[in-house]
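Subject: Structure handover

Hello,

Here is the structure I promised to pass on. My notes on it follow below.

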Amino acid sequence: MASTQPLPPPVAWAQRKNVIFLTICLEDCRNPVIKLEENKIFFKGTGGTEKKDYEYTYELFKEIDTEKSRSFPRDRNIELILVKKEEGPYWPHLLKQKVKQHWLKIDFSRWKDEDDSEDEGEGQNQDLEEMMRQMGGLGGGDSRPTLDDLEDEDSDDDDLPDLE
């Protein structure tokens with residue numbers, strides 16, 4: 001039996017004028033290798049329920065800023081925020097070659113149409129650092145609320161009768 005070729009991992013993506021959200025959907029991938037270059041991303045890792053080897057070089061449609069782009073390995077996936085080198089119109093597709101890939105999907109939970117971007121309100125005004133902080137990549141441990149932040153002055157259950 002021939003040795004098995006590494007597979008491209010399942011990927012979901014979405015974009016804004018200035019960033020690409022890329023999610024590599026691979027569970028339990030310990031110590032992935034991720035190399036960001038201006039026009040490509042290299043990924044290598046072992047994961048999933050069957051602990052298969054995955055490897056792929058994504059040749060991007062346009063260039064990204066490797067200094068500002070970040071990756072966030074998590075237990076269930078690996079999230080990347082890729083900062084576009086040139087802010088502007090949406091990319092028509094993620095990869096340089098316009099070829100349908102079975103492993104590449106649109107992340108509809110994050111997708112915004114280019115013409116809808118003006119209607120986003122507050123979301124459009126968030127800067128990159130705030131997005132990364134929300135994803136857990138920047139900021140101190142004190143940035144998340146705790147139960148201690150709740151005040152008991154505003155309790156609605158003061159006048160409730162006892163349960164029998």
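I start with charge. Asp-113, Glu-114, Asp-115 and Asp-116 gather in a negatively charged patch on the surface. Patches are built from residues with over 30% relative accessible area and no salt bridge; like charges are joined within 9 Å, and nonpolar side chains (Val, Leu, Ile, Met, Phe, Trp, Tyr) within 5 Å. A salt bridge needs a side-chain nitrogen of Lys or Arg within 4 Å of a carboxyl oxygen of Asp or Glu. Areas are Shrake-Rupley values with a 1.4 Å probe, and for residues only the protein chains shown count as cover.

Please keep the source in mind. This is a predicted model: local features need pLDDT of at least 70, side-chain atom pairs count only at pLDDT 80 or more, and totals for chains, interfaces and linings use all residues. Residues are numbered from 1 along each chain as its sequence is written, and side-chain values use heavy atoms, without hydrogens or water.

Now the loop between β8 (104–106) and α1 (122–125). Glu-114 is found there. Glu-114 counts as partly exposed because its relative accessibility is 35% (buried is under 20%, exposed over 50%, partly exposed in between; 1.4 Å probe, protein chains only). Asp-107 sits in the loop between β8 and α1 too. Asp-107 is buried, at 13% relative accessible area.

Overall, the protein chain has two helices and eight strands (DSSP runs numbered from the N terminus: helices are H or I, at least four residues; strands are E, at least two). From the N terminus, the order is β-β-β-β-β-β-β-β-α-α. Of the 164 residues, 32% count as buried.

Next, strand β7 (residues 78–84). Seven of its seven residues are buried, so β7 is largely enclosed by the rest of the structure. Both faces are covered: Ile-78, Leu-80, Leu-82 and Lys-84 on one side, Glu-79, Ile-81 and Val-83 on the other.

β7 also has pairing partners (at least two DSSP bridges between strands). Strand β2 (residues 19–24) runs antiparallel to β7, joined by six bridges. Leu-22 has Leu-80 as its bridge partner in β7. Strand β6 (residues 64–73) pairs with β7 over six bridges, also antiparallel. Asp-65 stands opposite Val-83. β6 and β7 form a hairpin, with four residues between them.

Best wishes

Key:
Lys and Arg count as positive and Asp and Glu as negative; His and the chain ends are not counted. The place of a charge is taken as NZ of Lys, CZ of Arg, CG of Asp or CD of Glu.
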